[in-house]
Amino acid sequence: MAKIKGTVTVDVEKCKGCGVCVVACPTDVLALSKEVNGKGYPFAMQANPDACTGCANCAVVCPDSCLTVYRQRDPNA
Amino acid sequence: MSFQVEITPENKVYGKTPLLTDNVMHYCPGCSHGTIHKLVAEVIEEMGLQDKTIGVSPVGCSVFAYNYIHIDWIQAAHGRACAVATAAKRLTPEKMVFTYQGDGDLSAIGTAESIHACNRGENIVVIYVNNAIYGMTGGQMAPTTLLGMKTATSPAGREAAIHGYPYKIAEIVSMLDGVCYVTRQSVQSPAAARKAKKALRQAFENAMAGKGLSFVEMVSSCNSGWKQSPVDANKWMEENMFPFYKLGDIKVATEPKEA
Ligand SMILES: Cc1ncc(C[n+]2csc(CCOP(=O)(O)OP(=O)(O)O)c2C)c(N)n1
Ligand code: SF4
Ligand SMILES: [Mg+2]
């Protein structure tokens, strides 16, 4: 298991589903949802959360600042 | 054993800066304007300049920039942001003053005001968002539109014999003695956005040190105007805009301008 892992939270109602974060993620964590938010947009979600390293690439390119990134060292390692 | 990352303030590595308001931006999904606003807000926050900064917003899609960053703002008439910023900086020289302008605003209707502010060496920062189109009004051809590029007013593609050539105002202003720093950046990828943020920081530092005018061009995508998806527009920009609008520093003055 990776010693350091990351995770991402999404401000679902703010996300416009542009998909720029999806292609910016080096480990293919993100995808756009099948459902839509209150404005009718699909939104970013972690389709493959275990692969997240917390590099923040997705959040850096998000035009609407809807991603927050967390990173933690494995407490068992 | 697998573990879950805890969502706690200690574990947070990146998120929305408090200098951005909670308003949902009116920009189209994937528009470069939002990313550039965020970088500007982050630099102001990191430099501790929130109470000292005056932004001048243009006419164009970013006319409402004042809704999104918690600083003082003035909204200028179309093309006149550099003239308004000149007054703001001269009257309050202790302030950090920047303009935020599109290519239609800065390099079409505002060419005279922009070039003369550059030539006078006003101690301001000009952030020039070049998406090669008039985004706000529905995607008409701009002076910056590439040859062959289709727009609402050049449906068969821009043709030099009829429409003239696209022009590079960053290179033009780099020849003026009042300008200390000219750079061309972009924000479509994480690496590009991080570099663009460093360039903004450099420009803001120059202005506070009284070194003259700093000009930061952001080559940007307007996916609505270009009629592409946000991801395709960024790719199109890399393939078509970057060969003409080459990224990197154009001028870094080593000597301060003479008083
Ligand atoms: C005096 C005047 N002339 C023309 C217009 C119409 N107009 C509004 S925005 C704009 C151009 C915007 O293009 P740009 O500056 O590139 O900004 P973008 O929307 O692409 O970010 C024009 C011509 C106006 N508002 N005022
Ligand atoms: S029209 Fe173009 S420049 Fe304006 S908000 Fe939409 S994508 Fe951005
Ligand atoms: Mg434009």
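**View 1. Tyr128(B) in strand E5 of the predicted model.** Tyr128(B) lies in strand E5 of chain B; strands are DSSP runs of E with at least two residues, helices are H or I runs with at least four, and both are numbered from the N terminus. Tyr128(B) is buried, at a relative accessible area of 1%. Buried means under 20% relative accessible area, exposed over 50%, and partly exposed in between, with a 1.4 Å probe and protein chains only. Its side chain makes a polar contact of 3.1 Å with that of Ser107(B). Such a contact is a pair of N or O atoms within 3.5 Å; within protein, one must be able to donate a hydrogen and the other to accept it, and residues adjacent in sequence count only if both atoms are side-chain atoms. Leaving out residues up to four places away in sequence, Tyr128(B) touches residues including Asp103(B), Leu106(B), Thr144(B), Ile169(B), Phe215(B) and Met218(B); contact means heavy atoms within 4.5 Å. Asn223(B) is 95 residues from Tyr128(B) in sequence and 18 Å away in space, C-alpha to C-alpha.

This is a predicted model, where local features need pLDDT of at least 70, side-chain atom pairs count only at pLDDT 80 or more, and totals for chains, interfaces and linings use all residues. Residues are numbered from 1 along each chain as its sequence is written, chains are lettered from A and ligands numbered from 1 in the order in which they are written, and side-chain values use heavy atoms, with hydrogens and water left out.

**View 2. Gln101(B) and Thr99(B) in strand E4.** Gln101(B) sits in strand E4 of chain B. Thr99(B) is found in strand E4 (residues 96–102) of chain B. Gln101(B) is buried, at 0% relative accessible area. Thr99(B) is buried, also at 0%. Their side chains form a polar contact of 2.8 Å. The side chain of Gln101(B) also pairs with that of Asp105(B), at 2.9 Å. Beyond four places in sequence, Gln101(B) touches Tyr128(B), Pro58(B) and Ser114(B), among others.

**View 3. The magnesium ion (ligand 3).** Which protein atoms are donors of the magnesium ion? They are Asp103(B) (OD), Asn131(B) (OD1) and Ile133(B) (O), lying 2.1 to 2.2 Å from the ion. Donors are N, O and S atoms within 2.8 Å of the metal (3.2 Å for Na, K and Ca); water is not among the atoms, so sites may look incomplete. Along the chain, the donors follow the spacing D-x27-N-x1-I. Asp103(B), in helix H3 (residues 103–109), and Asn131(B), in the loop between strand E5 (125–130) and helix H5 (160–163), link distant parts of chain B, 28 residues apart. Both Asp103(B) and Asn131(B) are buried.

**View 4. The shell around ligand 2.** Residues around ligand 2 include Tyr27(B), Cys28(B), Cys31(B), His33(B), Asn131(B) and Asn223(B); near means one heavy atom within 4 Å. The shell divides into five nonpolar, five polar and no charged residues.

**View 5. Positive phi in chain A.** Ala56(A) has phi near 75°, a positive value in a residue other than glycine. Ala56(A) lies in the loop between strand E3 (44–46) and helix H2 (57–61). Ala56(A) is buried, at 8% relative accessibility. Ser65(A) has phi near 50°, again positive in a non-glycine residue. Ser65(A) sits in the loop between H2 and strand E4 (67–73) of chain A.

Terms used. Ala, Val, Leu, Ile, Met, Phe, Trp, Tyr, Cys and Pro count as nonpolar, Asp, Glu, Lys and Arg as charged, and the others, Gly among them, as polar.
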